[in-house]
Amino acid sequence: MVPHGDPIAELVLTVLSQSTNDRNRDVAYLRLREWFATWEDVMLAPVGKLEEAIRPGGISKVKSVRIQAILQAIGDGPSELSLDWLPDVPIEQARDYLTSLPGVGRKTAACVLLFAYGCHDVPVDTHVSRVGMRLRLLQPGASFELLHDQMLALTPPGEELELHVNLLRHGRRTCHARKPACGECALARMCPSRKDFV
(Lines give C-alpha, C1' and ligand atoms only; values in the text may rest on other atoms or scores of the structure.)
Protein backbone atom coordinates (compact mmCIF):
# COMPACT_ATOMS: atom_id res chain seq x y z
CA MET A 1 0.00 0.00 0.00
CA VAL A 2 1.46 3.33 -1.08
CA PRO A 3 0.78 6.42 1.08
CA HIS A 4 -2.09 8.30 -0.57
CA GLY A 5 -1.18 11.86 0.47
CA ASP A 6 -4.68 12.96 1.52
CA PRO A 7 -4.56 13.55 5.29
CA ILE A 8 -8.02 15.12 5.60
CA ALA A 9 -9.59 12.14 3.84
CA GLU A 10 -7.74 9.81 6.23
CA LEU A 11 -8.93 11.82 9.24
CA VAL A 12 -12.55 11.66 8.11
CA LEU A 13 -12.29 7.98 7.17
CA THR A 14 -10.87 7.15 10.60
CA VAL A 15 -13.71 9.01 12.36
CA LEU A 16 -16.20 7.10 10.20
CA SER A 17 -14.52 3.78 11.11
CA GLN A 18 -15.25 4.16 14.82
CA SER A 19 -17.71 1.56 16.17
CA THR A 20 -18.52 0.06 12.78
CA ASN A 21 -17.15 -2.43 10.26
CA ASP A 22 -15.08 -1.62 7.17
CA ARG A 23 -18.00 -2.09 4.78
CA ASN A 24 -20.29 0.38 6.57
CA ARG A 25 -17.40 2.84 6.95
CA ASP A 26 -16.71 2.69 3.22
CA VAL A 27 -20.37 3.14 2.28
CA ALA A 28 -20.60 6.19 4.57
CA TYR A 29 -17.39 7.67 3.15
CA LEU A 30 -18.45 7.16 -0.48
CA ARG A 31 -21.83 8.77 0.20
CA LEU A 32 -20.10 11.69 1.90
CA ARG A 33 -17.87 12.25 -1.13
CA GLU A 34 -20.85 11.91 -3.50
CA TRP A 35 -22.97 14.40 -1.55
CA PHE A 36 -20.27 17.03 -1.01
CA ALA A 37 -17.77 18.21 -3.62
CA THR A 38 -15.13 19.61 -1.25
CA TRP A 39 -14.10 19.42 2.40
CA GLU A 40 -15.22 23.05 2.69
CA ASP A 41 -18.71 21.92 1.61
CA VAL A 42 -18.64 19.25 4.35
CA MET A 43 -17.54 21.80 6.91
CA LEU A 44 -20.28 24.30 5.98
CA ALA A 45 -23.13 21.85 5.36
CA PRO A 46 -26.16 21.74 7.63
CA VAL A 47 -25.22 19.14 10.21
CA GLY A 48 -28.45 17.21 9.53
CA LYS A 49 -27.52 16.76 5.88
CA LEU A 50 -24.04 15.53 6.80
CA GLU A 51 -25.56 13.18 9.37
CA GLU A 52 -27.89 11.74 6.71
CA ALA A 53 -25.00 11.26 4.25
CA ILE A 54 -22.92 9.23 6.71
CA ARG A 55 -25.80 7.35 8.37
CA PRO A 56 -24.72 3.91 6.99
CA GLY A 57 -21.56 4.18 9.15
CA GLY A 58 -23.51 4.27 12.40
CA ILE A 59 -23.63 6.85 15.23
CA SER A 60 -23.91 9.51 12.52
CA LYS A 61 -25.22 12.16 14.94
CA VAL A 62 -21.92 12.10 16.88
CA LYS A 63 -19.65 11.57 13.87
CA SER A 64 -21.18 14.42 11.82
CA VAL A 65 -20.57 16.92 14.63
CA ARG A 66 -17.04 15.59 15.18
CA ILE A 67 -16.11 15.77 11.48
CA GLN A 68 -17.31 19.36 11.22
CA ALA A 69 -15.48 20.34 14.43
CA ILE A 70 -12.24 18.84 13.08
CA LEU A 71 -12.60 20.61 9.72
CA GLN A 72 -13.41 23.92 11.44
CA ALA A 73 -10.34 23.58 13.67
CA ILE A 74 -8.12 22.90 10.64
CA GLY A 75 -9.73 25.82 8.77
CA ASP A 76 -9.05 28.18 11.67
CA GLY A 77 -5.31 27.72 11.19
CA PRO A 78 -3.02 29.33 8.64
CA SER A 79 -3.34 26.38 6.28
CA GLU A 80 -6.79 27.08 4.78
CA LEU A 81 -8.30 23.62 5.35
CA SER A 82 -5.13 21.80 4.37
CA LEU A 83 -2.76 19.48 6.18
CA ASP A 84 -0.27 19.29 3.33
CA TRP A 85 2.40 20.78 5.61
CA LEU A 86 2.43 17.78 7.98
CA PRO A 87 5.31 15.86 6.33
CA ASP A 88 7.46 19.02 6.40
CA VAL A 89 7.64 19.17 10.22
CA PRO A 90 9.08 16.71 12.77
CA ILE A 91 6.71 13.79 13.35
CA GLU A 92 6.24 14.75 17.01
CA GLN A 93 5.01 18.20 15.96
CA ALA A 94 2.66 16.70 13.36
CA ARG A 95 1.32 14.21 15.94
CA ASP A 96 0.85 16.96 18.56
CA TYR A 97 -1.08 19.09 16.07
CA LEU A 98 -3.35 16.22 15.02
CA THR A 99 -4.10 15.19 18.62
CA SER A 100 -4.99 18.82 19.41
CA LEU A 101 -7.91 18.58 16.97
CA PRO A 102 -11.35 17.87 18.51
CA GLY A 103 -11.86 14.16 19.16
CA VAL A 104 -8.56 13.11 17.53
CA GLY A 105 -6.52 10.69 19.62
CA ARG A 106 -3.21 8.99 19.13
CA LYS A 107 -4.62 6.15 16.99
CA THR A 108 -6.31 8.51 14.55
CA ALA A 109 -3.18 10.66 14.34
CA ALA A 110 -1.11 7.54 13.64
CA CYS A 111 -3.52 6.49 10.87
CA VAL A 112 -3.15 9.89 9.20
CA LEU A 113 0.64 9.94 9.48
CA LEU A 114 1.12 6.34 8.32
CA PHE A 115 -1.55 5.92 5.63
CA ALA A 116 -1.44 9.44 4.17
CA TYR A 117 2.32 10.04 4.36
CA GLY A 118 4.11 6.79 5.27
CA CYS A 119 5.57 8.33 8.43
CA HIS A 120 7.11 6.23 11.21
CA ASP A 121 3.96 5.69 13.30
CA VAL A 122 1.82 2.65 14.07
CA PRO A 123 -1.90 2.82 14.87
CA VAL A 124 -2.81 0.72 17.90
CA ASP A 125 -6.47 -0.29 17.93
CA THR A 126 -8.20 -2.93 20.06
CA HIS A 127 -7.08 -5.79 17.77
CA VAL A 128 -3.44 -4.68 17.60
CA SER A 129 -3.28 -4.06 21.35
CA ARG A 130 -4.90 -7.43 22.17
CA VAL A 131 -2.51 -9.41 19.97
CA GLY A 132 0.47 -7.36 21.16
CA MET A 133 -0.41 -7.96 24.81
CA ARG A 134 -1.02 -11.68 24.34
CA LEU A 135 2.37 -12.00 22.63
CA ARG A 136 3.88 -9.92 25.48
CA LEU A 137 5.09 -7.33 23.00
CA LEU A 138 3.00 -4.72 24.80
CA GLN A 139 2.42 -4.13 28.48
CA PRO A 140 -0.98 -5.40 29.67
CA GLY A 141 -3.11 -2.64 31.18
CA ALA A 142 -0.99 0.18 29.74
CA SER A 143 -2.66 3.34 28.49
CA PHE A 144 -3.21 3.67 24.74
CA GLU A 145 -0.60 6.45 24.73
CA LEU A 146 1.99 4.10 26.24
CA LEU A 147 0.92 1.26 23.94
CA HIS A 148 1.59 3.49 20.93
CA ASP A 149 5.02 4.39 22.30
CA GLN A 150 5.85 0.72 22.93
CA MET A 151 4.65 -0.37 19.47
CA LEU A 152 6.62 2.41 17.82
CA ALA A 153 9.76 1.45 19.76
CA LEU A 154 9.65 -2.16 18.58
CA THR A 155 8.78 -1.40 14.94
CA PRO A 156 11.72 -1.08 12.52
CA PRO A 157 11.41 1.97 10.24
CA GLY A 158 9.76 0.96 7.00
CA GLU A 159 7.86 -1.96 8.59
CA GLU A 160 5.05 0.08 10.20
CA LEU A 161 2.33 -0.70 7.68
CA GLU A 162 3.09 -4.40 7.39
CA LEU A 163 3.22 -4.85 11.16
CA HIS A 164 -0.02 -2.94 11.71
CA VAL A 165 -1.93 -4.79 8.99
CA ASN A 166 -0.67 -8.23 10.05
CA LEU A 167 -1.51 -7.70 13.73
CA LEU A 168 -4.92 -6.28 12.81
CA ARG A 169 -5.73 -9.24 10.53
CA HIS A 170 -4.51 -11.73 13.11
CA GLY A 171 -6.72 -10.14 15.76
CA ARG A 172 -9.77 -10.19 13.49
CA ARG A 173 -9.31 -13.67 12.03
CA THR A 174 -7.64 -15.76 14.74
CA CYS A 175 -6.81 -14.05 18.04
CA HIS A 176 -10.39 -13.12 18.94
CA ALA A 177 -11.16 -11.25 22.15
CA ARG A 178 -13.23 -13.91 23.96
CA LYS A 179 -12.28 -17.16 22.30
CA PRO A 180 -9.05 -17.09 20.28
CA ALA A 181 -8.58 -19.88 17.75
CA CYS A 182 -5.28 -21.06 19.27
CA GLY A 183 -5.51 -24.40 17.45
CA GLU A 184 -5.33 -22.59 14.11
CA CYS A 185 -2.82 -19.94 15.17
CA ALA A 186 0.49 -19.74 13.30
CA LEU A 187 2.01 -18.05 16.37
CA ALA A 188 0.76 -20.58 18.94
CA ARG A 189 4.20 -22.13 19.57
CA MET A 190 5.67 -18.80 20.62
CA CYS A 191 2.59 -17.26 22.29
CA PRO A 192 2.97 -17.01 26.08
CA SER A 193 -0.81 -16.54 26.44
CA ARG A 194 -1.81 -19.76 24.70
CA LYS A 195 -1.92 -21.69 27.99
CA ASP A 196 -4.66 -19.30 29.21
CA PHE A 197 -7.03 -20.42 26.44
CA VAL A 198 -6.16 -24.05 25.65
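User: Which residues lie nearest the centre of the largest cavity?

Analyst: In this predicted model, they are His170, Cys175, Cys182, Cys185 and Cys191. The lining of the largest cavity has 15 residues. About 100 Å³ of space lies inside the cavity, and the count of cavities of 30 Å³ or more is one.

User: How do the residues of the lining of the largest cavity divide into nonpolar, polar and charged?

Analyst: Ten are nonpolar, three are polar and two are charged.

User: Several cysteines were named there. How many disulfides does a search of the whole structure find?

Analyst: Start with the general idea. A disulfide is a covalent bond that joins the sulfur atoms of two cysteines. In this structure the search finds zero disulfides. Take cysteine 175: the nearest cysteine sulfur belongs to cysteine 191 and is 6.4 Å away. For cysteine 191, the nearest cysteine sulfur is that of cysteine 185, at 6.3 Å. The cut-off for a disulfide is 2.5 Å, and neither cysteine 175 nor cysteine 191 is in one.

User: Is cysteine 175 buried or exposed?

Analyst: The term buried applies under 20% relative accessible area. Cysteine 175 has 11%, so it is buried. Cysteine 191 counts as buried because its relative accessibility is 18%.

User: Which residues have the most contacts inside the largest nonpolar core?

Analyst: The general idea is that nonpolar side chains tend to be buried together in soluble globular proteins. Here the largest nonpolar core has 34 residues, and Leu11, Leu32, Trp39, Ile67 and Leu98 have the most contacts inside it. At least two residues of this core come from each of α1 (7–17), α2 (22–35), α3 (39–44), α4 (47–53), α5 (60–75), α6 (91–100) and α7 (106–117). The element that gives the most is α1, with six residues.

User: What does isoleucine 67 touch?

Analyst: Leaving out residues up to four places away in sequence, isoleucine 67 touches Val12, Val15, Leu16, Val42, Leu50 and Ile54. There is also a second, separate core, which has 14 residues and includes Val124, Leu138, Leu168 and Cys175.

User: What volume does the largest pocket have?

Analyst: Its volume is about 730 Å³. The pocket is lined by 27 residues, and Asp22, Arg25, Asp125, Leu168 and Arg172 are the closest to its centre.

User: Which element supplies the largest share of the lining of the largest pocket?

Analyst: The largest share comes from α10, with six residues. Elements that each supply at least two residues of this lining are α1, α2, α7, α8 (126–134), α9 (144–154) and α10 (160–173). By type, the lining residues are ten nonpolar, nine polar and eight charged.

User: Where is proline 180 found, and what does it touch?

Analyst: Proline 180 is in the segment after α10. It counts as buried because its relative accessibility is 11%. Not counting residues up to four places away in sequence, proline 180 touches Arg134, Thr174, Cys175 and Phe197. Proline 180 and phenylalanine 197 are 17 residues apart along the chain, and their C-alpha atoms are separated by 7.3 Å.

User: Is serine 193 buried or exposed?

Analyst: Serine 193 has a relative accessibility of 4%, so it counts as buried. Serine 193 is also in the segment after α10. Leaving aside neighbours within four places in sequence, serine 193 is in contact with Met133, Arg134 and Arg136.

Methods: Residues numbered from 1 in each chain as written. Predicted model: local features only at pLDDT ≥ 70, side-chain atom pairs only at ≥ 80, totals over all residues. Heavy atoms only, no water. Buried < 20%, exposed > 50% of the residue type's maximum accessible area, 1.4 Å probe, protein only. Core = buried A, V, L, I, M, F, W, Y, C linked by side-chain atoms within 4.5 Å. Helix = DSSP H or I, 4+ residues; strand = E, 2+ residues; numbered from the N terminus. Contact = heavy atoms within 4.5 Å. 1 Å grid on protein atoms, 1.4 Å probe; cavity = no way out; pocket = protein on both sides within 12 Å on 5 of 7 lines; lining within 4 Å. Points joined across faces, edges and corners; volume = space filled by probe spheres on them. Nonpolar A, V, L, I, M, F, W, Y, C, P; charged D, E, K, R; others polar.
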